[in-house]
Structure formats: C-alpha cells, structure tokens
Amino acid sequence: MTSLPNAANITREVLDNGIIVLVYENFATQSVVLSGSLGAGSLYEQSDKSGLAAMTANALMRGTQSRDFNAIATMLEDIGADLDVSAGVHRAGFGGKALAEDLPVLIDLLADVLRQPAFPTAPVERMRGEMLTGLQIRSQDTRYRARRAFHQQLYPETHPYHYSVSGSLETVPTITIDELQAFHGAHYGPEMMVIAIVGAVKASDAIAQARAAFEDWHNLHQPPTRTLPQVEQPAEIRRAFVPLAGKTQSDIVIGSLGPSRFEPDYMAAMLVNCVLGQFGMSGRIGETVREDLGLAYYAYSSLDGGMGPTPWRAIAGVNPANIQLATERIIDEIRRITNEPVSDEDLANVQSFFVGKLPLQLESNEGIAGTMLNMEIYGLGLDYLLTYRERIHALSKEDLLGAARHYLNPDAYVLSISGPETD
Amino acid sequence: MSAVTKHVLKNGMVVLLKEVHNAPLISWWVMYRIGSRNEPTGMTGASHWVEHMLFKGTEKFPPGYLDHEIDRRGGSWNAQTSFDYTAYYETLPAEHIDLALEIEADRMVNAQFDLEEFESERTVIISERQGSENSPLFWLGEEVQAAAFRVHGYHHEIIGDVADLETMTRDQLYNHYRQHYLPNNAIAVAVGDFDSADMLAKIEAHYGAIHGGEFALFARQEPPQNGERRVTVARPGSARFLHYAFRVPAAHEEDFFALEIVNSILCGPSGMGGGGTDNKTSRLYKTLVETELTASIYGDTTPTIDPFLYTITATLREESTLEAVESALGREIERMRAGDITEAEVTRAKKQARALFAYSTERVTSQAFWLAWAELFADYGWFESYLDRLNNVQLEDVKRVAATYLRPENRTVGIFLPTQPGDDEIEDDEASA
C-alpha cells in the first residue's frame, strides 16, 4: 500500500439491485476482510421492543434455511475465519476475515445468513439468555449506567438515541421469534447496502463473487430511510444520578449534542475535541483532572460523529469523594475552550496528529475497509483522502472556536453520574 | 517481504532488521531479557515497576513531553512486561523513526527514578494490582502458578506480591534497572519502510556508544512435578471457574508445536494477536458449552524460555456441578491421551494456524514484536519457520504429546468458588450511531 485509497485504486461497482461493492486490492497481506452494512438498525424498532434490531442481527448467525448453528461454525472455523453481524442505531453491520483464498466461503455464508436466516428456536433462546446475562452484568456497571442515563437526559423519549441498541431487561424477554422474522423481512434487503472487500484478491473476482451472491436479492418491503426527529440542545443543566451500592469508583459523563458527520463544522469540532480531551495525555481534561490533580483513573472527551447529532461528552472515572472537584475542572476546561481560541501550538499539534495518523490507520485491511465504508456512507467521495491534509490545514483557530461554541456550553449541559451514594 | 537480517553491535546489542515497504511506517522495539522470571523473593514485580518508571521522563525528555511528540507525528508507543522480558516500542511514520531510536537509547541509561515519582508509582502499581484483583481469574491464576512452580520464578505474578511492592526501595529498583538495561541484554528490532544499511547506521549512531556490562540473570529450574496439585480460592465473585494447568515444554522444544495442535483440537486455536476464529467446533466447546455445563471454555499455550503451563479455563454455569464439569473435561482429555485423534483434525488445525499466523503478520508492530520475542525464547527463525515446523508435525507426534503432557499427575487444578456476588468485567457496548 504505497498510495492512499482513492477513486483510482478503489473499484466501485453498483449491482443491478442497488448494492454498492467497494474493493481495494492489497497483495501485501495474505488475508481478506469483508465488511459493510445495511439499513437495519435500531432506528426502525418501536421503543417497547428496544433490542429488536440487535437481537435480529445476532440471530442471523444462529442458523439458516440450509445450515444449522454447527454447520455455520464449522464452515468458519475449518478455515480459521470469522464473521459477525450486529446492529447499530442507523445500520446493521457485518464483518469477517479469512485467508484470501477463502473469500468465496465468507461471501457465500454472508449471503446465506443475510438472506435466508431460519431463527431456530433453541439457538435463539440460548442467545436471548446470553443477551440478558450481558444486560444484567451491565446494570451493575457504573460506566454503562452513567452513559445510559446521559443518553436518556440528552434525547427525549421520542428520539431513537434515547434507547440502548442492546435493549433492556424489560424489553428483550418480550421480543418473539415472529417479530425477529418480521423485522428481518421488512429491513434486510439491497437498499442502502454497502459491501467493502479488502485484501489479496483481484477486484474483478471479488465483484463477480459479490454479484453472484447478492445481485438477485430484492425486498420490496424495505421502508424509506427514517428521518430523525428534531432534538434541541439542553437550555439548562440537567442532572442524573444512578446509585450503585458497593462500588469504589464513580463515573461521570458531561456533555451535549455534537455535530453529525454531515455538518460543515464537523472537522473543526473533531480538532477542537482533540485539544480538549484527546491529544497527548487525553488533552486538557486529562492533563488537569488526571495528571495535575490525580483525581481520576481516566478522564477524556469524545465526539462520535455519525448519521445524526451524537453526543459530545467528557468522561471521567473518579473516587466518589472527588466528583465535585473533577466535575468543576471539566466544566472549567469546557468554559475555556468556548471562551478563548486554542493556541497556535495546539492547532499545529492536532492538525499534525490527524494527518500523521493516516498511515497507521490505513495499515491494515480492516482500517482500509472502514475508511472506504465511511467515504461511501457519508458521501465523502472516494477521493476524500487526497484532499484530507489540505482540509485539515485550512482550519483556523477561529473555526475551532466557532465549533466549540456551536455545540458546547459551560452553563447548559447534561451531567450524569453513577456510583455509590455519597453524603 | 524481505528476509530478516541479524546484526550484533560491538557492545553486544542484537539488532534484527526486516524491510517491509507496504506502508510508510516503521516499528521499533527494544526488548530486554529481564522479566518476572528473573526476580528473587523480595523483588517480585520489579521488572514491571521499572517499566512504569521508564515513562517518568529523563533529563532530555521530561514527563508528558513524549506523549505529545508521538501524537504530533501520528504514532503510537507503549511497553509491556512479561515472565521473560520487558519490552518498549514506537510505531511511527517512517520519516519520524529517529525519534523512536532516540527515546529508547536515552531511557536505556538515563531514566531518573526520582524518589517522589518512585513513591507515587508505588501507589499506582498497588492500585493496578487491586484493579486486577477485581477479577476472580487473577486470584485463581496467581494461586495456580504458585502451586505449579515452587522453585522457578514463574511462581509469582508479573505485577509482583504486595509484600514486595510495599517494601521495595528506590535504590533496589534503580539497581534492577541498571543491572539489566544493558545493550548486551537487549534485542532491538526494526520492521518497516527503511533501507537496512541506513537503518543499521542510525542504530549504531544511537546505541553504539552505550557501554555493555556484566550481569547475571537470576533463574532457578523447577524440579519435576510428582502428582496432581490442587488449590481452591474462595472470594467474592459471580461465577465458579475451573482452571487446569499442565506442565509443558519451552517454546524452543519441538513438542511445543504438537502442543499447539492439541490445543487447537481441544479448545480452538490460540490467536497470535491479529484476530482469530471462534472455538465453537472444538471438542471442549461441544462437550462443555453446548451441553450447558459451562458458559465458556478457553485454552492457552504461552511461548516461554523455560517449561511453562498449558492452561484450560472453564466458567461454570450456575446450575452445573463441579463434579459434572470435571468429569466431562476429564473424559475428553483421556480421549486425547488414548490417541483418539484423526488426521483430518490435525490437518484442520494446521489450516487454522496458517490463517491466524497470516493475520498476526499484517502489521509492522506485531511482526517486530514476534521477531523480538522469538529471538528471546528461541531465535528469530522460530517465528519465520513457525508454519513449516507446525506443518511437519505428524499425527503420531500429536498423540504422543497429548499422552505425555496431559497426564493428571502433570497438572495443577485451580477452583474458584464465589463467596458472595461480585462484578464481572464487561464490554462497553454503547452504540454509536
């Protein structure tokens, strides 16, 4: 891989049914990665059936019309390969890896599980048990509970982001196999499906295999993309506290709505977030809260980006006695980053960071596949990376300040804490 | 990909170079032949503590400075301590590799071990140990290792015993550093986008003037095991665990390769750090997990300098009895020992290994790590010839190795019994849109 993936070295094919196939040849490796997504995320489920999309996606690998659970596992493990399907909010994703010679096996199995799942009772019930165990364990986890409560405060009940993709202990037991089948029938299909293949395979062969496996797939029931309801920034400080007895650490989440990947100031927001809570030892928040004051085991900020307005938040794990001080210091840093421009050095550092990390990010087949999928799903264009450096360096301190002020407010935010009760 | 070249600097430092021009990156590793294996009583955990102190800055690079410098260049850096080694690495865009060479040359000699930093790190490491203690498997692993190794340094955890972590002095730790951080006790590896002659010249410029010295590595050989050993740990936790640990050969011995195949058949193949495959078709998954006796089963072979352990770990389901799980596990192990293994299973294990090996060599960072590690416990050719040696293993070798090492009298059994509900580690799965 001597040049960046771009329109000249990525093969992009649109199948007759609309599926987009992207292939990047990488003969420096011996393996191949197959990944992608389609429009079957939790966005399309009702709130009283929260977890339906996740359960449907998980169930696909449990058996198809022609293969049972063991046959699927044998097919993959015989060749040292793996394949998973899982749901996010907007899309359900799939990802697998094998030796390049075994790409036909991966594609064959992917087509089978996406198109002909059987939802066999015993394996699906075993899977439900595993999901419920996972939810029970998470219900005792301060980090998970703080984040969940944060989402619930930030997004109203009418918004899909209010709910966890994994569902809840109340909803998962009520989802029936008929509902899984119905969700699959309505939402799995070629509309909005993107497949990326990266590795030691010829593009023409990979496209031919994908065509043979998927081009005759049609689903007339697929609904149009659901648009997200409007959501407003908090106009005041909203607090949530989830007490969990017997814990020695509290988790804090502070933040507000961040930009979607489509906002013009998304890139400026990424850079200013890096100054705030990523660069070096977790940016300014890490330096203050962890390094200078020694208050936290971890303290950083994150900005997800995505199809809609996902959170921009600071996260810290602290001793319960230090909650107030840590919170104050994080708010101080948010105030500072929205009040004054970052320094020339800060700007140069994060510009250099974002451009410099591309080679590491694109070293593996997985990294290249993920980047290609982002370029496709967010409509960035396949030449996105060729102008990436210029666009990063075109951003000014004022652009960063503007993005920080657009989304962050030190006087109006959601503050969510989970941990032991304190006096 | 080109071949590996090996060089020994005048001061004794071993240098391995491998050019890989697929991506404009270089990974630079310096691995010292000092790990928890070499720590006498009173100094357990010293190697790991030294690793922490090497991130506390030098006169040239004050604390925190390098985090910024590495990030600015889009690189990554880290370190790890194991039974047999302590290793440091940087992976950077090729044009910035001089920084990595400079960092490791500097901290090979110039780490400060400031008393205040040393004391504050004592608390950090004790907390790190306490963090591990949240996991029942840490307690169980510690007890099993201690029972399996009475004499050898593998008997204590890498992080060390609290008794030593509380009492070790700054000077003791500094001596541990100075005695073992010598070029003639180091293996340095570069893999990536460089010209070997240029790289060697740079390495000589950075490291050539560092003086080697005499040192002795503390190591005691473990006497043979005479009969099964059993330990029980009763602590707060949420599930019962059963841990079997069989005494097995060191990685440089030929039997190690047949053992990899035994593990693949019993528990599924061990990954080599590049991702892997599941183990749902392994014998023990079918016997224990599919029958709902256990929630999971996992097998592990660790390459080591001296003979170590092949471990099998099962998480029991709430409704199953320990006796039923041990009995089912025992039947499958006896089946292996009796030679009920097919050519097809061996062929399949070799194919799985080929896939997992391919995944592990895709990144320059993991290639450099494996070359350094292999050079440490055998020689770098161990890694290069890994697949050939595995392919040379015959069905008869697999049967012999299973019969030899899976004997009950060659194992230590550990059982974790929860006394009250506790936490489990969980995956953070909050979905991003």
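In this predicted model, helices α8(A) and α15(A) are roughly perpendicular to each other, because angles of 65 to 115 degrees count as roughly perpendicular and the axes of α8(A) and α15(A) cross at roughly 90°. The two axes come within 8 Å. Helix α15(A) covers residues 397–407.

On the α8(A) side, the contact is made by A:A268, A:A269, A:L271 and A:V272. Helix α15(A) contributes A:D399, A:L400, A:G402, A:A403, A:A404 and A:Y407. By class, the residues of this contact are eight nonpolar, one polar and one charged.

Chain A also has an open sheet of five strands with mixed pairing, in the order β7-β11-β8-β10-β9. Strands β7 (238–243) and β9 (296–303) of chain A are at the edges, each pairing on one side only. From one strand to the next, the twist averages 10°.

Within the sheet, β8 (residues 250–257) and β10 (residues 311–318) of chain A run antiparallel and are joined by eight bridges. A:D251 has A:G317 in β10(A) as its bridge partner.

Helix α8(A) packs on the sheet, where it touches β9 and β10 of chain A. Helix α9(A) lies across β9 and β10 of chain A. The table gives the direction of each helix against β9(A).

| Helix | Residues | Angle to β9(A) |
|---|---|---|
| α8(A) | 266–277 | about 170° |
| α9(A) | 279–292 | about 160° |

Definitions and conventions. Residues numbered from 1 in each chain as written. Chains lettered and ligands numbered in written order. Predicted model: local features only at pLDDT ≥ 70, side-chain atom pairs only at ≥ 80, totals over all residues. Pairing = 2+ DSSP bridges. Helix = DSSP H or I, 4+ residues; strand = E, 2+ residues; numbered from the N terminus. Axes fitted to C-alpha atoms, helices over the stretch in contact; angles between N-to-C directions. Contact = placed C-beta atoms within 7 Å. Parallel < 35°, antiparallel > 145°, perpendicular 65-115°, else oblique. Nonpolar A, V, L, I, M, F, W, Y, C, P; charged D, E, K, R; others polar.
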